[in-house]
Amino acid sequence: MGISVGDLLSMDFFKDFHVIAGHKGLNREIQGVSFLEVPEGHRWSIGKELIFTSGYIFAEFEGYLDKFCENFIPSHAALVIKRGSYLDKIPEKLIEIYDRNSIPLITMPYSPSWMTVVNQVNVGVLNHAIQILRIDISQGPGCYNQNYKEQAIQKILKTLEIEMEFPAFLYDVTMDKRYYSSDNFKKASEKYGIRESDYWSPQLPHTSHALCDCIHMKRYRLLKGEAANEPRISWVTIPIESAGVVQAYFCVMESRKFLDFYDEYSMRIAYLMLQGIFDQQVVARDASNIGFENLIHLAMESTPADARQLIYQADQLGLSVEQPYLCILFRHDQDELDIRSHRTSMLEAFKRCQMNRIGRVAFLSSAEGVILLNAVRLSPINKEEIRGLILEFQKLLRGTFPDVSWFFSFTGDSGDLHDLRPHIEKCRKVLNIGRLTDSRKTIFDYDALGILTWINIPEDELGPLLKKLQKLIDSEKNQELLYTLKTYLENNLNYSLTAEKLFVNVNTVRRRIEKVNELIPVHWNDYVERTKLGLLLQYLQPGPDSIIHLKERRNGS
């Protein structure tokens, strides 16, 4: 993307540059600057250059004018000659050949230095590119919307391909969305077997070259391999980052030729504009997170009388109260850490994980938060997938807060904002019971806790009961006692039925129960205590082959 000769000459700086031939070629595009001051210099032209000369080459080298005209290369944009330097008069032969080829022949004042002129050419090219690519991204966070973002990205990509004749592509990591300047990019990808991820992390044989380290602008070029007769296709990629997190990848496809100097300028300008769009998105998302958090607190505390206010507040955030969510509760164990005071760090960790694409996070207290995942985008709900998402976020939190333990719970059920309070309470119950029953685990699933989540055993009673059983659970030699106790309770304290179920002598059962009494005194006449012990043993599932099973459970697997 350069600038036409006519547009360049319309700038105020070039008002004393005079076109003396080739007026029909003022629409020719300038894609670079070069100088003609030595013999054979014109042969080094690669096309579309604005060529400057003092005229020395024509005045001092006898016969060079004839040689230049005989070997005239009509690919350059224009020739500019300094007036009053070496040529008192522009040769008629030069004027005639430029007129005949419709290439502008221009004279310029004697005084401006070459550097000044070249800088002004670059300014003209940059201003032209900015004007062509300019998109209004001055919307405030409150009025930011996804449609605007998509339209702006599409316009930038399409304009780039029209002006540069290279197709462009952008992959929005945060939304898992793809944008193309045209189908040309897809066609080239299919032709060369290039996968989407190859554009920023190529797996095919390739070479790479850094074009700009500060923005990680890099050119990748496929090796020819078996397609020896095909051009070695290449592309230029720039990652778009915000707060250290990749938001998108911006790519321009090359084929038979590389981007030239001014094309790279234009790509940089397009990158800065795209960067602005994604920065604004991040700012808007951070600002809206406070609003989302307020919405969650309103949903937690609302009554039927607050329904209208809940709908209004959700609508302000572009959300629907009917949107189904899957609820994940998380909590830490450090009294001195207030996650609300570390909101930025928490949100940055969340942005880095996959859950950020399909969910939102809110802080409920100094130690507790909730993640709401879009249940529609999760459909069908896969618990292993949810567990994987949690593990990724948990790892990022540990990296941010290395001395803090983080615990998570989820139910696998989805519901809308009207159902949020009972869902969070259910997650709290799962987390509380899970931590009591297995202190080594950090992720708890409602279904995995089984019958313990169906009844309401107060935590101050559940803890002592588990502590009672701990001597049997932790010792491998006592596993037989644990299984005998479970069977004894299941058979209503009947020694004979227990012995029958265990295929042992009744006296063996008596001895085992006596040993249980020595280790964990049980009030056998207290029906409630017996029932609670029985329920816990149902969860622990002791059995003849359960030693390994219980050890694995205690290790958090």
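Biologist: Which residues touch the most other members of the largest nonpolar core?

Modeller: A nonpolar core is a set of buried Ala, Val, Leu, Ile, Met, Phe, Trp, Tyr and Cys residues joined through side-chain atoms within 4.5 Å. Buried means under 20% relative accessible area, exposed over 50%, partly exposed in between, with a 1.4 Å probe and protein chains only. This core has 30 residues. Those touching the most other members are Ile153, Leu170, Ile240, Phe250, Val252, Met267 and Leu274.

Biologist: Which element gives the most to this core?

Modeller: Five elements each supply at least two of its residues: α6 (146–164), β8 (168–172), β12 (234–242), β13 (245–254) and α8 (261–301). Helices (H or I, at least four residues) and strands (E, at least two) are DSSP runs, numbered from the N terminus. With 8 residues, the top contributor is α8.

Biologist: How is the model made and read?

Modeller: The model is predicted, so local features need pLDDT of at least 70 and side-chain atom pairs pLDDT 80 or more, while totals for chains, interfaces and linings use all residues. Residues are numbered from 1 along each chain as its sequence is written, and side-chain values use heavy atoms, without hydrogens and water.

Biologist: Lys149 is in helix α6. Is Lys149 buried or exposed?

Modeller: The relative accessible area of Lys149 is 0%. The cut-off is under 20%, so Lys149 counts as buried.

Biologist: Which side chain makes a polar contact with the side chain of Lys149?

Modeller: A polar contact is a pair of N or O atoms within 3.5 Å; within protein, one must be able to donate a hydrogen and the other to accept it, and residues adjacent in sequence count only if both atoms are side-chain atoms. Here the distance is 2.4 Å, and the partner is Asp172.
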